[in-house]
Amino acid sequence: MSGSFTLTSPIASAEWDAFHRLDRLTAKRPDLWVFVCDPLTHALPAGSRALLEAVRHDSEITKVVLGEGPRPDLGVARLAYESAYNESARDFLLHAGRVFLPHSAHAAAVPWPIGSEGRLVVAVRDGLQLNRGAVGQYGAVDVGAVTNVVHAIPDQTINAVLTASRIDALCALATTWPCTYNQVWNTGLPAHDFLFRALEDLPDDIRRQHDEVHTSLAGKDLLLLLPHTTGPEAVSGVFLSTPQLASLAAWCEGRDIVLGLRMDTRGARPDRPAPQGVLDLSPARFPSLHAVLRAADLVLTDHADAALDFALLGRPVVSLVQHPAEAPRDMLLDLERLFPGPVVRKFESVFQALDSARNATLHPRYDAVRALLCDYRDDHNSARVVERIRAMTKEAGA
Amino acid sequence: MTRPDLNEVVVRWHRAVSVWASLHEADAAEARQYLGRLLDGHLLDAPPPAGDLGDVDPDLLVECEVALVNASGAFDEDGYADANRHIPAIRERQVSAVEHFCSTGWEWLRNPRADFDMWWYWFEHLDPRRTQINPFVHYLLVGRHLGLATSASRQPERPDPPVFEEGITRRICLFAAYDVDGIVDDYVVHYLQELSRFADVYYLADGRMPEAELAKIADVTKGAWAIPHGRYDFGSFSTLAEELVGWDIIDQYDEMLLANDSCYLLRPLDEVFGTMDAVATDWWGLQGSKADFGERYGHHEPIPFAAAKGMHSERDDWYCYFRLHLSSYFLVFRKRVMDDPGFRRRLSTVASQEHKMLIVLKYEIGLSDYLLRAGFVCDTYIPDLYPFHPIYSNDYFKLLEQGFPLLKRNLINENSLRVPDLAQWKERVRPFSRDAPLDSFEANLRRVSADDRLRASLAVRTRPDGTVDHHRPLGRRKFRAADRTAPTFDHWWAFPVCADEHTLTGSERAVFEEVADDPSIKKIVLTRSRRIDLPGTNVVSAPITSPEGQHHLARSGQVFLKHGPLVDVLPWNLSTTTRNFINLSQGTPLRRFGRSLDSPDAATLERLHRNNAGNRAAVAAGPLDRLAMAAALYPVPYDAVWETGLPRHDLVLRPEDRLLPDMQDALRRLREEVAGRRLVLLVPGVRSAKAPPGLRFSDREAADLASWARRNDAVLGVRESISDRGRLFAQLLPHGALNLGVRRFADFEVLLRVADIMVSDCSPSLIDFTLTGRPIVSFAPPAETDSDSDSDDQLYNLDRMLPGPTCRTADQLLDALDRVLLPRDAAAEEEYLWRRSLFVPRIDDQAAWRVVQKVKSLYVTGP
């Protein structure tokens with residue numbers, strides 16, 4: 001699948017096979033919930049974090065986080081934290097009845113071939129999808145070559161995908177093949193809880209990040225640049241050329257607006273610092289996307305996924321796509337028709353669009369598009385997922 | 001013991017099954033004892049239960065009946081197994097004889113023992129119109145305790161049968177007809193003209209017909225009707241005798257002829273009637289048949305019919321199919337039979353059957369069997385009984401020599417016995433026909449026959465060495481082997497017709513036309529029941545099941561499909577890696593289908609995977625459609641769905657003067673029928689498997705819709721479809737709606753181009769129609785889906801996305817039709833265009849071109 005990336009498994013094939021055999025023989029514990037960090041960013045995805053928050057006080061659930069970075073302070077009592085490669089992690093995985101994988105790298109999140117037999121393996125998505133993005137997987141086998149079928153189905157790990165709407169379900173499936181439609185859980189995205197939850201109820205670290213951004217704005221509005229691509233214009237590292245960026249900064253200055261930039265670098269450090277005069281809101285400084293989105297007043301993007309999540313807050317978004325021929329290759333949705341704000345083709349038009357947006361004139365189809373993309377605008381998404389899992393556990397035990 | 005009411009027996013039996021089930025779960029021995037008490041005649045001991053027939057799980061019912069029959073010891077297991085050893089499940093011991101009998105055998109009238117005649121018992125002691133209870137179970141529980149007979153004793157022939165030396169002057173003919181196009185064909189007029197010389201003819205067609213068609217036979221019939229009843233020829237005979245003509249009229253005649261339109265009349269009937277009037281008999285036919293008097297059973301020569309009447313084989317005792325009978329295409333009864341209560345009851349209790357064969361078993365063979373056993377004297381015009389089945393075998397030509405006046409259409413177009421050299425049928429029957437309109441017969445053959453079967457029939461020929469070339473296609477295994485070894489050519493493009501409608505229309509047609517004149521591409525049209533001859537360069541057309549079709553298919557590098565390899569190219573399981581199956585889609589889905597449906601059962605899942613996984617690529621109308629197609633066609637991945645647009649849309653958007661001549665002609669025909677009125681096109685949606693059939697408009701609602709059309713200078717047009725299991729819109733046909741079915745207008749796009757409004761139930765056609773910019777109405781009656789308008793079987797929140805109103809009742813539909821007639825303001829127009837663009841972002845007639853480019857790119861890059 002184009003747009004995917006392949007990781008080389010560090011596990012020797014003998015160990016791989018041994019795990020596979022053991023996994024089939026090991027009874028699964030529905031009370032053992034394993035949350036897996038993103039193998040590239042080493043962070044616990046926001047969706048998994050939200051789910052963890054939802055069960056943090058549930059003493060009947062054993063909670064384990066697998067990750068490679070330093071142990072994060074998640075504020076959850078009796079939480080095990082292990083490297084995905086060590087033996088403890090392997091044992092947890094063998095027994096885990098519930099495993100939560102980051103959608104962006106669901107097939108590569110753990111180095112073990114965990115199966116879905118008797119186990120719920122959930123792809124947790126952190127937001128809506130406008131783009132296919134990069135989906136990592138361990139060396140995909142050319143199954144067609146061995147089975148003489150064009151589209152043979154490989155062994156499947158994921159058996160549930162969390163989605164926010166019917167359209168979102170279709171987007172999710174396009175990036176979680178070989179998942180099927182009946183594995184879609186249209187519960188809403190747990191990560192969206194962090195958009196809608198009262199500030200005081202947010203986890204401390206996310207609230208602190210929000211407050212820090214907020215403080216740095218000093219009462220001014222924040223125009224957040226959310227680039228998806230680093231196209232040919234990207235001398236500055238964004239979808240704007242350096243002069244365009246300067247021009248935008250000047251526009252902001254004249255209106256007492258802070259221009260902030262958040263590039264999703266998938267865990268890598270940005271290859272250049274934020275340009276002068278632009279507030280650095282990168283994940284390295286503010287790991288929580290939602291903390292930054294909540295602090296922003298409007299967003300200018302080319303076609304970043306997070307712009308859709310931001311629009312759920314009811315605030316204006318503007319898309320600038322200067323090279324439309326390039327965009328559709330990576331896009332799941334039709335930007336022209338399913339973007340909740342104006343889509344402009346020329347940089348010169350951006351200012352009028354932003355002015356209009358600031359004057360509270362939302363795009364005529366803003367609400368219609370939001371309604372199509374997300375069925376839930378509340379902070380109960382995690383609760384719905386947990387409720388469904390509990391019902392599943394109860395049914396299995398009955 | 002007095003005979004209990006049948007309904008009461010059924011209710012008690014169903015209750016008893018439930019009791020047995022609960023006992024069986026707890027204690028098998030006690031359950032056996034319970035059945036023993038029932039077999040001892042205690043079913044009727046308890047007070048009669050209240051309520052209806054009571055629902056019982058069909059599997060449970062069979063399980064209990066198997067236990068009951070086994071416990072009775074009254075079932076001849078060895079005899080049944082021996083008599084039915086040709087059935088694979090029995091031969092291979094997949095089921096026991098009792099299990100087979102209790103699950104399906106009894107409904108197919110297979111006898112449980114040699115002295116128990118299923119249909120006779122059923123007819124005499126139960127309700128022959130209903131399938132309420134296994135007659136043998138009834139016998140075990142009730143019948144034997146009442147001393148009910150289990151079969152008819154054979155009576156000696158009655159003395160002094162009537163004879164008419166001077167000829168019969170008072171004869172009535174009840175004529176049963178069916179025409180797939182709802183017309184009275186010329187050959188029928190010709191036949192009826194001749195019959196009217198000898199009888200007062202009453203005609204009933206099973207189906208709808210315009211008055212103008214019935215007017216064609218007004219001069220040769222005393223009465224002619226067209227009424228859909230679905231009970232084949234015996235249903236028409238029954239309706240004529242019971243309702244349309246009546247026995248009081250029939251009583252005025254000396255002889256009653258039952259005939260149907262399954263035959264062509266080759267010669268005048270003077271000789272037939274002249275000969276048979278002088279024969280002393282109670283009833284007669286043209287010839288007799290006996291299924292086990294055939295070459296397969298060692299009978300190669302004819303025997304006198306008189307001797308045949310005395311024949312009895314063991315098979316007769318086990319299955320009525322083998323019994324001697326006269327065929328219903330031409331049966332004549334004289335007064336003694338006409339007055340017989342058993343005969344009249346048999347004609348008055350004809351019920352619709354799930355399979356045509358049951359009509360034959362119950363009514364055709366059943367009637368003959370009754371009359372023969374009752375001692376009514378029988379004779380045939382052809383004096384001998386020929387080996388089975390003489391009118392479909394080479395012996396037919398011997399019958400012709402003896403003056404047989406008819407030609408059965410099925411001999412030519414089915415040719416089930418593979419008679420060679422029927423390609424020359426006209427030359428072969430001409431010497432025996434007197435001025436018969438053979439060309440008219442041929443025209444009828446071409447119009448109503450399944451083209452692939454007709455071609456297969458006519459292809460059987462005698463080789464120069466005298467052996468017969470049956471022209472059979474390879475069997476599944478051999479064809480698969482051939483497919484593995486045959487080379488495939490990139491430039492051989494195969495177009496199998498739609499597996500449902502057998503047409504090459506829509507997207508497949510658009511792609512075909514895109515390359516029709518490209519000599520570098522060999523176009524192979526693989527047909528089924530319809531004859532398809534499309535113009536173009538380097539075009540081949542052959543039935544998909546013919547040897548020629550297989551040869552071409554095995555070598556085709558590209559195959560264009562509507563449903564998927566398994567459905568469109570038969571279950572041959574062809575290689576999917578040595579060729580490209582390109583799925584051209586059935587349209588923009590709005591409802592979930594295929595793999596996007598909720599957890600199908602294992603068998604369906606397996607079939608879906610096998611069907612879907614073979615599609616190298618599929619096409620989609622736009623980004624959203626691409627996502628939906630990837631979900632439904634799983635495991636076809638997202639990357640393999642091409643956002644080319646749907647080629648069928650080209651045929652809606654292309655300027656009319658650039659359309660194909662046949663489509664232009666169809667447009668003209670449709671506009672003539674519409675006659676300047678607004679056309680409201682009613683198209684049934686594809687029903688999901690769980691949708692209940694049989695939704696009905698009330699008479700008032702149907703009349704209101706017709707009235708709305710008249711008030712608004714509109715006409716309703718119904719596109720019936722085999723997927724419309726409820727036939728909701730078909731109800732409107734008697735109210736003046738136009739029948740725009742596929743036999744009349746093969747190309748759906750023609751209807752889209754002419755229609756002013758489309759009403760459909762969430763079908764892809766709604767989206768197709770928005771290409772015209774005209775209004776749509778989604779009409780999904782509540783029984784179809786959940787009460788929530790965003791029902792779970794939809795892929796999208798349609799109320800937020802469809803560019804037209806959605807409604808669920810007939811009154812809402814009328815209101816919606818009123819509203820969509822009003823002109824849209826600018827805001828509404830913009831909203832319409834935006835919603836349409838969600839599904840179809842690109843409005844042009846170049847989708848087929850884009851598909852062709854993508855396919856050609858596979859030449860170079862491969863998968």
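These legends go with close-up views of a predicted model.

View 1. The size of an interface is often given as the accessible area lost when the parts come together. Here, the area buried between chain B and chain A comes to about 3200 Å², and carbon and sulfur atoms give 59% of that area.

**View 2. Salt bridges and polar contacts link chain B with chain A.** Three salt bridges are counted between the two chains. One to look for pairs Arg365(A) with Glu831(B), whose closest N and O atoms are 3.7 Å apart. There are also 13 residue pairs in polar contact between chain B and chain A, with both residues at pLDDT 80 or more.

**View 3. Helices H1 and H3 of chain A cross.** Helix H1 (residues 13-25) and helix H3 (residues 87-95) of chain A have axes that come within 9 Å and cross at roughly 40°, so H1(A) is oblique to H3(A). From H1(A), the contact is made by Phe19(A), Leu22(A) and Asp23(A); from H3(A), it is made by Arg90(A), Leu93(A) and Leu94(A). Sorted by type, the residues of this contact are four nonpolar, no polar and two charged.

**View 4. Two cis peptide bonds lie in chain B.** Most residues other than glycine have a negative phi, and most peptide bonds are trans. The bond from Phe388(B) to His389(B), though, is cis, with omega near -10°. You will find His389(B) in the loop between strand S12 (384-385) and helix H19 (396-401) of chain B. Another cis peptide bond joins Tyr634(B) and Pro635(B), with omega about 15°. Pro635(B) sits in the loop between H29 and strand S22 (641-642) of chain B.

**View 5. Asp256(A) has a positive phi.** This residue is not a glycine, yet Asp256(A) has a phi of about 60°. To locate Asp256(A), follow chain A into the loop between helix H8 (242-254) and strand S11 (257-261).

Conventions. Residues are numbered from 1 along each chain as its sequence is written. Chains are lettered from A and ligands numbered from 1 in the order in which they are written. This is a predicted model: local features need pLDDT of at least 70, side-chain atom pairs count only at pLDDT 80 or more; totals for chains, interfaces and linings use all residues. Side-chain values use heavy atoms; hydrogens and water are left out. Buried area is the accessible area (1.4 Å probe) that two parts lose on being put together, summed over both. A salt bridge is a side-chain nitrogen of Lys or Arg within 4 Å of a carboxyl oxygen of Asp or Glu. A polar contact is a pair of N or O atoms within 3.5 Å; within protein, one must be able to donate a hydrogen and the other to accept it, and residues adjacent in sequence count only if both atoms are side-chain atoms. Axes are lines fitted to C-alpha atoms, for helices over the stretch in contact, and angles run from 0 to 180 degrees between N-to-C directions. Helices (H or I, at least four residues) and strands (E, at least two) are DSSP runs, numbered from the N terminus. Angles under 35 degrees count as roughly parallel, over 145 as roughly antiparallel, 65 to 115 as roughly perpendicular and the rest as oblique. Contact means heavy atoms within 4.5 Å. Ala, Val, Leu, Ile, Met, Phe, Trp, Tyr, Cys and Pro count as nonpolar, Asp, Glu, Lys and Arg as charged, and the others, Gly among them, as polar.
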